[in-house]
Every structure is written in structure tokens, then in C-alpha cells.
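The sequence and the model are shown first, and the description follows.

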Amino acid sequence: MRRLNRLRYLALAALPFIVAACSDAGALTKDESAAQTASADPAPLAEAPPDEQSSAEIKRTGSPALPPPDRAGAPIESEARIISLTDVKRGDRSACQINFTYPGYPAQEILWFDEACSALSPSFMDRAKLEAADRWQRIDEYGQMQIAKRTAGIVLYVEGQFTASVFPMDYNNAPMEVTVAD
């Protein structure tokens with residue numbers, strides 16, 4: 001039984017690398033490849049910032065983040081603000097759609113399921129406010145780093161009837177949910 005669990009763990013750990021290797025999102029046609037090879041300027045190598053953790057080291061505390069939508073033409077915001085709260089239906093579930101902005105990012109959207117917008121208390125908090133509310137220590141090291149680094153030290157805090165979460169930006173520049181109260 002232990003061997004089976006170990007093999008399952010190794011297979012799951014290798015899955016992101018297999019998917020990345022099989023992806024043809026960056027594939028070039030023969031003509032594009034030849035043109036790129038013939039050019040005098042080599043393509044720059046993408047390097048991860050040294051202070052970011054690899055995806056294997058990230059402790060997932062919330063729902064897995066979906067890739068951010070293509071927002072190439074979206075305006076970059078200069079302040080953190082809640083744009084709108086809208087009650088919506090997703091299948092047979094009700095949700096509150098929260099549209100908000102962080103400084104330096106285009107508008108973002110999250111869904112808070114099973115509670116009406118009128119029952120929520122969304123706001124922006126910094127580390128001092130989160131510590132005063134006894135929430136900062138519930139955020140893992142990765143989430144704390146992303147709050148400090150990516151969103152100027154502030155984070156969207158949403159409190160509902162039964163739980164509360166913060167939504168720092170992840171390494172894909174998409175909001176990730178970190179539950180801070182049960």
C-alpha cells in the first residue's frame with residue numbers, strides 16, 4: 001500500500017512537467033523557426049525572480065487559480081478599489097461576483113459562492129489590519145510574500161457569514177484564495 005501511494009505521489013508530481021512538455025502553445029512553424037534561427041539577436045531567456053518559490057514548493061490553501069484571461073488591452077489601475085458586487089447564478093449555485101482592482105493590475109474578478117453580496121463585507125487590508133484581526137498568521141509564507149511584493153502590501157479581504165478569505169495575486173497575476181477564518 002505504501003508503494004502504491006508513493007507511485008501515485010510521483011505520478012502527480014510529474015504531471016505539470018508532462019503537460020508543459022506536451023503543450024504546443026509556443027510551437028513555431030518551420031518557417032517561423034527558420035526565421036528565428038537566422039536572426040542575429042538570440043531570444044532572451046525567461047528567468048523567474050530569485051525570491052519566488054517554484055510551483056512544487058507552493059502550499060495550496062485555496063481553490064486552484066485558473067489562468068488569467070487575456071487582458072492585453074485592459075487598462076492598468078492606479079488604486080485599489082472595489083468596482084462592483086453582483087449577485088449571479090453559476091449552474092444551480094448562487095454567487096457574488098466581486099470586481100476589484102489592485103494598483104498596477106487590470107480589473108480582477110472573483111466569485112464567492114453560496115452567499116449573497118449583501119451578506120459579504122469586502123474591503124482592502126494591509127498587514128497591520130490583518131494582524132489586528134488575527135488573520136495574518138493564517139496566510140502561508142507564499143501568500144504573505146505575494147501580498148508584500150505584488151500588491152503594494154494590501155490585499156482584498158472578504159468576510160462572509162461562515163468564513164473569510166484574502167485574495168493575493170499569484171505568480172500568474174491572478175487572484176488566489178487563501179482562507180483565513182473558518
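## Helix α4 and its surroundings

Helix α4 is followed by A152, a residue with a positive phi near 55 degrees. The coordinates belong to a predicted model. Within α4, which spans residues 141-150, the buried residues are Y142, G143, M145, Q146, I147 and R150. The buried residues of this helix pack against strand β5.

## Overall organisation

The protein chain contains 4 helices and 7 strands. Read from the N terminus, its elements follow the order α-α-β-β-β-β-α-α-β-β-β. Of the 182 residues in the chain, 29% are buried. Among contacts between residues at least 6 apart in sequence, 54% join residues at least 24 apart. The chain exposes about 12,100 Å², and carbon and sulfur atoms supply 55% of that area.

Strand β5, residues 154-159, pairs with β4 in the antiparallel sense over 6 bridges. Within this pairing, Y157 of β5 is the bridge partner of S123.

Another open sheet is formed by 3 strands in the order β1-β2-β3, and its pairing is antiparallel. Its edge strands, β1 (81-90) and β3 (108-113), each pair on one side only. Neighbouring strands of this sheet are turned against each other by 25 degrees on average, direction ignored. Strand β2, residues 93-101, runs antiparallel to β1 and is joined to it by 9 bridges. F100 in β2 is the bridge partner of I82.

## The disulfide

How many disulfides does the count give? The count comes to 1 disulfide, and it joins C96 to C117 with an S to S distance of 2.1 Å. The pair links distant parts of the chain, since C96 lies in strand β2 and C117 in the loop between β3 and β4, 21 residues apart. The torsion about the S-S bond of C96 and C117 is about 105 degrees, so the disulfide is right-handed. Both C96 and C117 are buried. In general terms, a disulfide is a covalent bond between the sulfur atoms of two cysteines.

## Salt bridges

Side chains of opposite charge can pair when their charged atoms come close. In this model the count comes to 3 salt bridges, listed below.

| Salt bridge | N to O distance |
|---|---|
| E79 and R81 | 3.8 Å |
| R93 and D114 | 2.8 Å |
| R127 and E131 | 2.8 Å |

The salt bridge between R93 and D114 links distant parts of the chain: R93 is in strand β2 and D114 is in the loop between β3 and β4, 21 residues apart. R127 and E131, by contrast, are 4 residues apart in helix α3 (residues 127-132) and are therefore separated by about one helical turn.

E79 is partly exposed at 43%, and R81 is partly exposed at 33%. R93 is partly exposed, with a relative accessible area of 37%.

How values were computed:
Residues numbered from 1 in each chain as written. Predicted model: local features only at pLDDT ≥ 70, side-chain atom pairs only at ≥ 80, totals over all residues. Heavy atoms only, no water. Helix = DSSP H or I, 4+ residues; strand = E, 2+ residues; numbered from the N terminus. Buried < 20%, exposed > 50% of the residue type's maximum accessible area, 1.4 Å probe, protein only. Contact = heavy atoms within 4.5 Å. Areas by Shrake-Rupley, 256 points an atom, 1.4 Å probe, with all protein chains shown as cover. Pairing = 2+ DSSP bridges. Axes fitted to C-alpha atoms, helices over the stretch in contact; angles between N-to-C directions. Disulfide = S-S within 2.5 Å. Salt bridge = Lys/Arg side-chain N within 4 Å of Asp/Glu carboxyl O.
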